[in-house]
Amino acid sequence: MRELPIAVVLLAAATVAAPATAQDYLGIHLDTMLEHNLRQHQQQHADDGTDAKQPASRSSTISPAAEARARAEGARIMEQHRRELEPRYRMRVERDGKAEADAWLARESRRLGIETGRQMRAKYLGQ
């Protein structure tokens with residue numbers, strides 16, 4: 001008889017914890033995808049004023065293998081930036097509130113995305 005109450009307690013605990021865990025995972029996953037999409041969009045559409053003056057054929061001078069290496073290196077750099085920004089973001093949330101911290105993160109992510117994109121273009125296209 002003693003096993004039945006323990007099993008019931010474990011089942012109840014799992015029933016209560018599972019939705020909260022799933023919701024937490026989904027929130028983290030959605031935030032991660034949002035940040036990834038934002039960085040990718042910023043890198044693809046960064047305009048520092050010189051890109052408009054370059055011929056469109058300039059981007060086709062990179063081989064698919066070099067482009068893959070550039071994208072992989074850029075992703076590694078952005079991941080490093082994310083790890084560095086995470087504690088600073090948490091500190092800003094506590095100090096300034098979530099809205100201010102989100103605005104700071106958007107500005108910082110954009111700046112770092114543009115900077116990393118420029119570095120990769122310079123390295124792999126020789127610009």
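Colleague: Is E79 buried, exposed or partly exposed?

Modeller: E79 counts as partly exposed, because its relative accessibility is 28%. Buried means under 20% relative accessible area, exposed means over 50%, and partly exposed is in between (1.4 Å probe, protein chains only). This is a predicted model, in which local features need pLDDT of at least 70 and side-chain atom pairs count only at pLDDT 80 or more, while totals for chains, interfaces and linings use all residues. Residues are numbered from 1 along each chain as its sequence is written, and side-chain values use heavy atoms, with hydrogens and water left out.

Colleague: Which side chain does E79 meet in a salt bridge?

Modeller: That of R82, at 2.6 Å from N to O. A salt bridge here is a side-chain nitrogen of Lys or Arg within 4 Å of a carboxyl oxygen of Asp or Glu. E79 and R82 are three residues apart in helix 2, about one turn of the helix. R82 is partly exposed, at 27% relative accessibility.

Colleague: How many salt bridges does the structure hold?

Modeller: Eleven. Among them, D102 pairs with K98, with the closest N and O atoms 3.3 Å apart. D102 and K98 are four residues apart in helix 3 (residues 98–125), so about one helical turn separates them.

Colleague: And which side chain does E115 meet?

Modeller: R111, at 3.2 Å from N to O. E115 and R111 also lie four residues apart in helix 3, about one turn of the helix. Salt bridges with shared partners also join E79, R82, R83, E86 and R90 into one network.

Colleague: Different topic. How many helices and strands does the protein have?

Modeller: Three helices and zero strands, in the pattern α-α-α along the sequence. Helices (H or I, at least four residues) and strands (E, at least two) are DSSP runs, numbered from the N terminus.

Colleague: Where does helix 2 bend?

Modeller: Helix 2 (residues 64–96) bends at L85, by about 30°, and the proline P87 follows within four residues. The bend is the angle between axes fitted to the seven residues ending at a residue and the seven starting there. Just after helix 2, G97 takes a positive phi of about 100°.

Colleague: Which residues make up the largest nonpolar core?

Modeller: Seven residues: M78, L85, Y89, A101, W104, L105 and L112. Helix 2 and helix 3 are the elements that give two or more residues to this core, and helix 3 supplies the largest share, four residues. Such a core is a set of buried Ala, Val, Leu, Ile, Met, Phe, Trp, Tyr and Cys residues joined through side-chain atoms within 4.5 Å.

Colleague: What is L105 in contact with, leaving aside neighbours within four places in sequence?

Modeller: E35, L85 and Y89. Contact means heavy atoms within 4.5 Å.

Colleague: Is H81 buried or exposed?

Modeller: H81 counts as buried, because its relative accessibility is 14%. H81 is found in helix 2, where A66, A70, E73 and G74 are also among the buried residues. Beyond its neighbours within four places in sequence, H81 is in contact with L112 and T116.

Colleague: What share of the protein's residues is buried?

Modeller: Buried residues make up 19% of the 127. The protein exposes about 9400 Å², with carbon and sulfur atoms supplying 61% of that. Those areas come from the Shrake-Rupley method with a 1.4 Å probe, and for residues only the protein chains shown count as cover.
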